[in-house]
Amino acid sequence: MLPALSLSRVAALLLLFAALTLGASQLAFRYSLSAGMAELESTGRHRLDLYAASLEREIDKYGYFPALLGLDQSVLDMLAAPDAARVARMNHYLEQLNARAGSLSIYILDREGRVVASSNWRQRDSFIGENLFFRPYFRQALETGAGRFFGIGTTQGEPGYYLSSALASGHDVAGVAVVKVGLRQLEQSWGAVEAPALVSDENGVVILSSVPDWKFTTIKPLDKATLEAFERTQQYNRQALAPLGVKELSVLEDGARLVRLPATATAAPVFPLAGNFLAQTRNLPGTPWNITVYSPQAQVRTIAVNRAALAGAFAAFLFILALLLNQRRRHLQDQLAAQAALQRAHDELERNVIERTADLSSANERLIKEVAERTQAERTLRSAQDELVQAGKLAVIGQLSAGIAHELNQPLAALRTLSGNARKFLARGNQETASSNLERIDQLVDRMGLLTSQLKSFARKSSGKPQAVPVRRAIENALFLLEQRLKQAGTVACVDLPPDELEAWCDPNRLEQVLVNLAGNALDAMEGQHAPVVDISASRRDGRILIRVRDRGPGISEEASGRLFEPFFTTKEAGGGLGLGLAISAGIVADFGGALSADNLPEGGAVFTVDLPAAPQRPAS
């Protein structure tokens, strides 16, 4: 009997738990949904007022324009005698008026509906000469004195709101003045609000909307007579006028409607465009238009569901808390027993921790010693790398030594000749010629000093610390060191640099070594060619400096492309090199956060690209 009673009690408790949770959730959902819908209706009415006020203000701003033209005697004179001079003056006047007013166009029609003067007279698709007798705003102005009409232009295909006014000359109507106003800016301002809105005409055609895809759709079916009228007046310039697909779900007491909108819009606005909405509509005073705001219900329902879940969770919490309090006394003894067992486990754990701590201390000492050894090894490796870089530089200088010796021998021979001639001219008293020889001696000495200073700078060990390095100066120094090789090979060096100074973040001495190595390799690749050319260019891209060295040689073979930057790999004959130049250059560039890459060009030859970080921008003084 005891097990049966226990099962019955558990079942009763579960049923009570479910009833309390579901009841609290249902009450919270209904209350939250009702309050949320009321707030949504209030917000929707406020948005309707704002939309309507902004639209009325935009239209009323231009409402007096057509009537003002009827007060201008020059307009009436032009209609009475539309000669070329008067029409030309009126076109200029309307053009200036339209530009100042910010409207789409202003034009004047005669009694037959023909456009006599227009603000867009300069354009190829000007309205001048068109017959707009069929437009409703023209007939309204003739019949009632003023007209209002929304439609799409038959010439330029641009939608707008037309304001027309009859131009009276005495008791007769001489013509009609029309102002076309664009409402695109107003629509764009509506797009920033959290709910979509639209304006429909008396036929249910959407003429304005915060959602571009909704324009020129219909919110209700169009009958045959309406479609024929649209065809006759060309109000919407043969637009498809597809249905928007609004499905009405129910009507509320205050006239608001619950509707469902299909997912038809392709744009991605800030508000949802599909699902259930609260639709609120009101008439726009002075027009047959209706303005409708669709307030999304998804957030209201989400909030109601969340509150219902919270209420259910709170009810469940209270129920569980009551059960826990009821069972607390029964659990006290179990807790005390568990506490004693926990204490025993804690003591055992303490012993284990002490043993493990000793092991970890020993392991930590070994790790510290290993870290120190690895740090020393890294320093040794760095020193060896620096020595290898320096050796590479000296190797380059050795390769250049023959050319440099030749470069120095010529000035030395010239110095010997000029100095001997200077003594003879001084002995003869020809001081002017002797002075000229001494000036040439100064120039030769300066050139020799420049060459030796470049060699000393290139051979000096660099600090390796990055700094702002002008790319132009580095290229010029590298070409200066290779000048004799370039002359001997008859090679032309083409340098293409932007007018703005490019600065790379690296070491200047090491960058020059990389450029000398790449340019020297380019000379080797074109050995034996007629009129060889080395192209050197530089550019900035995304905070990086790219320096490209291109030759016109046979390019990089497929076998060599995969091993190009391996140490001691070379494609030169025995004695032509150790295969360390590109490996050292790649290591130098990598040290400064860059990369060295090589590729073949479709038109022939190889190009090596040095990718380095650009120097930080200097603050403006």
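Where does Ser-25 sit? A few notes on that and on some other spots follow, bearing in mind that this is a predicted model.

1. Ser-25 belongs to helix H1, which covers residues 2-60. Its relative accessibility is 17%, so Ser-25 counts as buried, the cut-off being under 20%. Setting aside neighbours within four places in sequence, Ser-25 is in contact with Ala-308 and Gly-312. Leu-310 is worth a look here too: Ser-25 and Leu-310 are 285 residues apart in sequence, yet their C-alpha atoms are 7.7 Å apart in space.

2. Next, the aromatic rings. The whole structure has 4 aromatic pairs. Tyr-137 and Tyr-162 make up a stacked one, with 4.8 Å from centre to centre and 10 degrees between the planes. This pair ties together distant parts of the chain, since Tyr-137 is in helix H5 (residues 136-144) and Tyr-162 is in strand S4 (residues 159-169), 25 residues apart. Both Tyr-137 and Tyr-162 are buried.

3. Now have a look at strand S11 (residues 290-296). Of its 7 residues, 6 are buried, so S11 is largely enclosed by the rest of the structure. S11 pairs antiparallel with strand S6 (residues 197-200) over 4 bridges, and Leu-198 stands opposite Thr-292. Strand S10 (residues 275-283) also runs antiparallel to S11, joined to it by 7 bridges. There, Asn-283 faces Asn-290 of S11.

4. Helix H10 (residues 471-481) is mostly covered, with 8 of its 11 residues buried. Among the buried ones are Val-471, Ile-475, Asn-477 and Phe-480. Val-471 turns up again in the next point.

5. The largest nonpolar core has 43 residues, and Val-471, Leu-511, Leu-518, Ile-547, Val-610 and Leu-612 are those with the most contacts inside it. Several elements each supply at least two residues of this core, including H10, strand S14 (503-506), strand S16 (544-550) and strand S18 (606-613). Helix H12 gives the largest share, 8 residues.

6. Leaving out neighbours within four places in sequence, Leu-612 is in contact with Ala-504, Cys-506, Leu-511, Arg-544, Ile-545, Val-589, Phe-592 and Gly-594. Another core, of 42 residues, lies apart from the largest one, and its members include Leu-48, Leu-76, Ala-117 and Leu-183.

Notes
Residues numbered from 1 in each chain as written. Predicted model: local features only at pLDDT ≥ 70, side-chain atom pairs only at ≥ 80, totals over all residues. Heavy atoms only, no water. Phe/Tyr/Trp six-rings, centres within 6.5 Å; stacked < 30°, edge-to-face > 60°. Buried < 20%, exposed > 50% of the residue type's maximum accessible area, 1.4 Å probe, protein only. Contact = heavy atoms within 4.5 Å. Pairing = 2+ DSSP bridges. Core = buried A, V, L, I, M, F, W, Y, C linked by side-chain atoms within 4.5 Å.
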